[in-house]
Amino acid sequence: MDFANIANIPKELTALPRWVCWRLVPDGDGGKPKKVPYSALTGKTASVDRPAGWTDFETAAGAAQRYGYSGLGFVFVKEDGLVGIDMDDCYDQEKAEFSDTARAVLSRTATYAEFSPSGTGVHVFFRGSVPGRGSRNAKTGVEMYEKARYFTMTGNKIKGAADGIAENEDTLRWIHENYIAAPKKEAKKPKKKGTALSDDELLGLAKNAANGLSFGRLWEGKWQNDYPSQSEADMALCCNLAFWSGRDAEQMDRLFRRSGLMRPKWDERHCAGGGTYGEQTLSRACELTDNVYSRGEIYESGGRYFRSKGDSAYPLTNFIFRPLDKIEGEEETQLTADLVNTDGETFPLSFMTADFTNQQKFKTTLNKR
């Protein structure tokens, strides 16, 4: 970390005693190295749930330089009224270009924003509160937190960003609605062949499924509040059609042409081989969709299980548990995980060793969110 940049960090953050150090630690299972927080006071691992391990900015900065930590970290506490937006892999360093999503978020309201330690991610800060349910959306790559998380801070301010932290609930609501609460693509599993549903049967099942509301908006061509571009909405609808049709490209094409997303671009030639945009989109959707609907059976989609009954599909599981980080201390271990419900909303939770000792303690921890 270039500690010369820490002077750029706003006073709204440096005045709060929410600071830790962090160190890049190799993952024991061979995955990506983890950014593990440490207390500048004790040198032991810190937790986003335990203020005793936090300190003031000056103490943390001094310890980070003196003891060779990778950098500084700021812990979010809801009572502070601060919200952090995290966007990974949204900046191309060679081209010096932001992704469409990052450009949209950064241009919405002038506030403090900085590059992450990798130089390819962005952290954006606002005053306010998270305006809806869920904190993370894997499809858009955008995360939003107001508590139980810490950001690795660099002070490497983005050109054109404000020096201070803006308060704009409208912008936070816009970011959440467009990039956090946006529906995720249907996931996939074992490959099967066609379902022999008629077009009307297929539409009836899709509109009455667990994700029927999001399918209905796509079918009507109402994509603007859920997707960054119509091309992404096209792909999402085609993945849905691939699931219900058993990857029948002919039926998928016939149905897409009836949808509100249909436009002249669908039949435009988009590759040297002469394939149209529509043909490319259908082919890619079939590749992405391993799991398909089967009449009267229990099927898996997006890590959850559903049962089809008549013209509807009913969820049998209401959330999935997705572990993120594990920090092992001398006396206990902390596990950070995301709980993802059937609407695609994500809720971060931290669990301590004692939370897994019996079913009631585990339920109590879950009910915190």
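This report describes selected helices and loop residues of a predicted model.

## Basis of the description

Residues are numbered from 1 along each chain as its sequence is written, and side-chain values rest on heavy atoms, with hydrogens and water left out. Because the model is predicted, local features need pLDDT of at least 70 and side-chain atom pairs count only at pLDDT 80 or more, while totals for chains, interfaces and linings use all residues. Helices (H or I, at least four residues) and strands (E, at least two) are DSSP runs, numbered from the N terminus.

## Helix α2

Helix α2 spans residues 57–66, and its residues F57, A60, A61, A63 and A64 are buried (under 20% relative accessible area, with exposed meaning over 50% and partly exposed in between; 1.4 Å probe, protein chains only).

The buried residues of α2 are covered by elements including α1 (11–14), β1 (19–25) and β3 (71–75), where contact means heavy atoms within 4.5 Å. At the start of α2, the backbone nitrogen of E58 has a side-chain oxygen of D56 within 3.2 Å. Just after the helix, G68 takes a positive phi of about 70°.

Helix α5 (residues 199–208) and helix α7 (residues 230–245) have axes that come within 10 Å and cross at roughly 115°. Such axes are lines fitted to C-alpha atoms, for helices over the stretch in contact, and angles run from 0 to 180 degrees between N-to-C directions. At this crossing, L202, L205 and A206 of α5 meet L241, W244 and S245 of α7.

Helix α6 (residues 212–219) is mostly covered, with 6 of its 8 residues buried. The buried residues are G212, S214, F215, G216, L218 and W219, and they pack against α5, α7 and α8 (249–256). Just after α6, G221 has a positive phi of about 85°.

Most residues other than glycine have a negative phi. A148 is not a glycine, yet its phi is positive, at about 60°. This residue, A148, is placed in the loop between β10 (142–145) and β11 (150–153), and it counts as buried at 19% relative accessibility.

R247 likewise has a positive phi, near 60°. R247 is found in the loop between α7 and α8, and at 15% relative accessibility it counts as buried.

Key. A polar contact is a pair of N or O atoms within 3.5 Å; within protein, one must be able to donate a hydrogen and the other to accept it, and residues adjacent in sequence count only if both atoms are side-chain atoms.
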